[in-house]
Amino acid sequence: MQENSWIYLNNPFESALKSSYKKLIIFTTDHKDKLSAMLNDSFIADLYNQHFINAYQNFKTLYNDSRAVSADYHAQTKILEEQMATLSGKKIKQWDIQIQNFYMDDSREYQFLLGMGRKTFQNGSYEARMQEVTDLLGRVKKYGNLVNIYNDIQAFLVDLEKVRNLQQQLEGQTMIYARKLKLAREELIKSLHFVYTGLCWHFKEDIQMVANFYELKYVRATYKPTDDEVNKVSEELPAYTSKEYFVNVIDENTAVEVENTGTVPIIMFSGSSKNNAI
């Protein structure tokens with residue numbers, strides 16, 4: 001959200017709750033429960049029903065759904081990585097040996113079939129290596145005596161493409177949820193601010209009552225570090241790779257900002273593992 005030139009126009013929940021969706025869920029769920037306990041007050045009931053609960057439920061639903069899709073994506077990525085490891089190791093070795101049962105590695109036929117050896121199947125992006133399998137399939141097809149090898153390559157490629165397609169579909173869904181969650185978070189933050197100002201007006205004669213509707217440890221004023229105190233990393237990563245940063249230094253109060261200067265979408269998560277992301 002845009003910062004205002006006059007500090008009193010800023011939403012205090014924006015900076016306090018920007019570090020983690022999980023933190024926002026915990027805070028707003030507690031806030032919802034405390035508001036619910038006061039629904040016999042018609043003013044608070046109106047704040048709750050008209051200006052809070054829909055934004056809260058929308059964000060919570062998207063958050064839970066996104067975590068489920070993210071878990072599926074990470075699981076499918078692991079399956080894909082295992083398939084690619086099989087290609088790099090067992091499969092290309094097997095096909096190479098089987099081809100050499102018919103053609104020595106210095107023969108014209110072998111040079112046509114596997115002239116670049118195994119390395120092109122073991123390095124590069126997923127797409128590049130899958131294309132190598134597709135190209136090998138087309139070359140092997142020209143030799144009738146290699147029909148069994150052809151059938152094995154074809155079956156492996158079909159399975160690999162299915163795994164990759166599903167992984168890409170889930171990757172696309174995670175990107176969609178990321179955008180939806182960002183917008184839903186903005187609406188929830190606005191709702192929190194509206195309810196807060198309403199409570200301040202409602203309890204203007206006893207303003208301390210407002211604090212009873214919040215778990216204050218999540219929204220206390222925080223220290224803004226200087227540039228020298230911020231850990232910054234700038235690095236160029238190849239597409240379809242992953243890397244760990246700030247291991248064992250991030251907690252629930254850490255704010256992380258990621259800027260993608262490339263054209264390939266990126267996914268950032270925090271947690272003990274890809275399958276236990278926040």
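Me: Rings of Phe, Tyr and Trp (its six-membered ring) form an aromatic pair if their centres lie within 6.5 Å; planes under 30 degrees apart count as stacked, over 60 as edge-to-face and the rest as tilted. How many aromatic pairs does the structure hold?

Reply: This is a predicted model, in which local features need pLDDT of at least 70 and side-chain atom pairs count only at pLDDT 80 or more, while totals for chains, interfaces and linings use all residues. Residues are numbered from 1 along each chain as its sequence is written, and side-chain values use heavy atoms, with hydrogens and water left out. The number of aromatic pairs held by the structure is 14.

Me: What kind of aromatic pair do Tyr21 and Phe59 form?

Reply: A pair of aromatic rings is described by the distance of the centres and the angle of the planes. For Tyr21 and Phe59 the centres are 5.6 Å apart and the planes stand at 75 degrees. The kind of pair is edge-to-face.

Me: How many residues apart in sequence are the parts that this pair ties together?

Reply: Helices are DSSP runs (H or I, at least four residues), as are strands (E, at least two), numbered from the N terminus. Tyr21 lies in helix α2 (residues 21-36) and Phe59 in helix α4 (residues 53-100). The pair therefore ties together parts whose separation in sequence is 38 residues.

Me: Are the rings of Phe59 and Tyr63 stacked or edge-to-face?

Reply: Phe59 and Tyr63 are four residues apart in helix α4, so about one helical turn separates them. Both residues are buried. Their ring centres are 6.3 Å apart and the planes are at 15 degrees, so the pair is stacked.

Me: Which residues form one aromatic cluster with Phe27?

Reply: Phe27 lies in helix α2 and is buried, at a relative accessible area of 0%. Along the sequence Phe27 is ten residues from Leu17, and the two are 8.5 Å apart in space, C-alpha to C-alpha. The residues that form one aromatic cluster with Phe27 are Phe13, Tyr196 and Tyr214.

Me: Over the ring of which residue does the charged end of Lys204 sit?

Reply: A charge sits over a ring if NZ of Lys or CZ of Arg is within 6 Å of the ring centre and within 35 degrees of the ring normal. The charged end of Lys204 is 4.1 Å from the centre of such a ring. The ring belongs to Trp201.

Me: How many helices and how many strands does the protein have?

Reply: From the N terminus on, the elements run α-α-α-α-α-α-α-α. The protein has 278 residues, and buried residues make up 33% of them. The secondary structure comes to eight helices and zero strands.

Me: How are α4 and α8 oriented, parallel or antiparallel?

Reply: Axes are lines fitted to C-alpha atoms, for helices over the stretch in contact, and angles run from 0 to 180 degrees between N-to-C directions. The axes of α4 and helix α8 (residues 147-202) come within 7 Å and cross at roughly 160 degrees. Angles under 35 degrees count as roughly parallel, over 145 as roughly antiparallel, 65 to 115 as roughly perpendicular and the rest as oblique. The helices α4 and α8 are therefore roughly antiparallel.

Me: Is the crossing of α7 and α8 left-handed or right-handed?

Reply: The axes of helix α7 (residues 126-140) and α8 come within 10 Å and cross at roughly 155 degrees. These two helices are therefore roughly antiparallel to each other. The crossing of α7 and α8 is left-handed.

Me: What distance separates the C-alpha atoms of Ile26 and Tyr218?

Reply: Ile26 lies in helix α2 and is partly exposed, at 35% relative accessibility. Tyr218 is 192 residues away in sequence. The distance, C-alpha to C-alpha, is 9.1 Å.

Technical notes: Buried < 20%, exposed > 50% of the residue type's maximum accessible area, 1.4 Å probe, protein only. Left-handed = near helix turned anticlockwise from the far one by under 90°.
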